Amino acid sequence: MTKSLFLLPGDGIGPETMTEVRKLIDWMNQEKGAGFVLDEGLVGGSAHDAHGKAISDDDMAKALGADAVLFGAVGGPKWDDVPYDVRPEAGLLRLRKEMELFANLRPAICYPALAASSSLKQDVVEGLDILIVRELTGGVYFGEPKTITDLGNGQKRAVDTQVYDTYEIERISGVAFELARTRNNKVCSMEKRNVMKTGVLWNEVVSATHKEKYSDVELTHMLADAGGMQLVRWPKQFDVIVTDNLFGDMLSDVAAMLTGSLGMLPSASLGAPDPKSGKRKALYEPVHGSAPDIAGSGKANPIAMIASFAMCLRYSFNMIEEAAAIDAAVASVLEQGLRTGDIMADGCTEVGTGEMGDAILYQLRKSA
Ligand code: IPM
Ligand code: MG
């Protein structure tokens, strides 16, 4: 059975980190008969340069047709002045919206070898393993109206709209509860019901979904600002956090930093299972951005991209053992003291993007 992967390396460090994933895919195809069929397209600034759009219709169709999409990163100062609707980020948002990837899974795991490089005290983060489930196709990112109007008196007015329907909150909380059952069985829902109507509805629907179908899971609620505070105070109190698009964007960056570096964290964005085949549309991407300051220098950390591929194996192809082997290879290379610049520490050896990728592949072959 072939497995189609559509690669969208994007801008900045996206292409360099994707090269390291290709090494793993090539090895799995050649040595393990994995049967991945690859195609590659353009997204973000690179697509804008080629087509004047953040993603072409042709590449959009390929993304919709593939078993899974691997996405690098988009954006950079070069495109700061392009019109808003064709800015690099618009490509990513279009993919999320048209593929209906409503569930964004962002694990924050602190590798033992990196516990000392967190900005928080070692005992606060050591052994950390939490999962942020972010709603990804609704809320203020997509709500209409979304406008800037000239009021004609030297003033302008900007409007974004935060909007959620019951079904959107039901399906994202369902994903969070299901995943909690495979972990430590706890969900904390975060919103701002003290000031926002969407927060009131969010709270109500999460509670109702819990009562109806998931009462075996422990559910707590927190205001999102307090949740941010608790994340840096004692993150190990959490198992699964479920929250909306905007709060999830912010809280997942905070959670990422707990683990020592933004360069470590993968994510999976999933759609609903197809009623016939049971397959979900899916896109996998690092939580980090395009890091234009180091792009092309061979210094980028490829681990988040590689770990995103591991999530792809797990969630799109049910290749649980292979995914675990990649995660173990990453942990072992870190244990050996190899570090890219972003996670460099005393007594460790600094390596570049390619060397890090090679070391992970070497470890993987050894364990295979
Ligand atoms: C993320 C990013 C994106 C977002 C940007 C690039 C549009 O910050 O995936 O977290 O805000 O969702
Ligand atoms: Mg973000």
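Me: Which helix gives the largest share of the lining of the second largest pocket?
Reply: This is a predicted model. Its second largest pocket has a volume of about 710 Å³. H3 (57-65), H6 (166-181), E11 (266-273), E12 and H10 (303-316) each supply at least two residues of that lining. The largest share is four residues, and it comes from H6.

Me: Which element gives the most to the lining of the largest pocket?
Reply: The largest pocket has a volume of about 910 Å³. Its lining takes two or more residues from each of E3, H4 (88-98), E6 (143-150), H9 (245-258) and E12 (280-286). With seven residues, the element that gives the most is H4.

Me: How many residues of the lining of the largest pocket are charged?
Reply: The largest pocket is lined by 36 residues, with Arg87, Glu89, Ala90, Leu92 and Leu93 closest to its centre. Domain 1 and domain 2 each provide at least three residues of the lining. By type, 17 are nonpolar and five are polar, and the number charged is 14.

Me: Why is strand E1 largely enclosed by the rest of the structure?
Reply: Strand E1 spans residues 3-10. A residue counts as buried under 20% relative accessible area. E1 is largely enclosed because, of its eight residues, the number buried is seven.

Me: In E2, which residue is the bridge partner of Lys3?
Reply: E1 and E2 (residues 36-40) pair in the parallel sense, over five bridges. In E2, the partner of Lys3 is Phe36.

Me: Which residue in E3 does Gly10 stand opposite?
Reply: E1 also runs parallel to E3 (residues 68-73), and five bridges join the two strands. In E3, the residue opposite Gly10 is Ala73.

Me: Is the peptide bond from Glu144 to Pro145 cis or trans?
Reply: Most peptide bonds are trans. Pro145 has its place in strand E6. The bond from Glu144 to Pro145 has omega near 0°, and it is cis.

Me: Is Glu100 buried or exposed?
Reply: Glu100 sits in the loop between H4 and E4 (103-109). Its phi is near 55°, a positive value in a residue other than glycine. Exposed means over 50% relative accessible area. Glu100 has 51%, so it is exposed.

Me: What is the relative accessible area of Ala291?
Reply: Ala291 is found in the loop between E12 and H10. Its phi is positive, near 40°, and the residue is not glycine. Ala291 is partly exposed, with a relative accessible area of 24%.

Terms used:
Residues are numbered from 1 along each chain as its sequence is written. Chains are lettered from A and ligands numbered from 1 in the order in which they are written. This is a predicted model: local features need pLDDT of at least 70, side-chain atom pairs count only at pLDDT 80 or more; totals for chains, interfaces and linings use all residues. Side-chain values use heavy atoms; hydrogens and water are left out. Buried means under 20% relative accessible area, exposed over 50%, partly exposed in between (1.4 Å probe, protein chains only). Two strands pair if DSSP finds at least two bridges between them. On a 1 Å grid over the protein atoms alone, a cavity is a set of points where a 1.4 Å probe fits but cannot get out, and a pocket is an open set with protein on both sides within 12 Å along at least five of seven lines; lining residues have an atom within 4 Å of a point. Grid points are joined across faces, edges and corners, and a volume is the space filled by probe spheres set on the points. Ala, Val, Leu, Ile, Met, Phe, Trp, Tyr, Cys and Pro count as nonpolar, Asp, Glu, Lys and Arg as charged, and the others, Gly among them, as polar. Domain bounds come from an automatic or database domain assignment.
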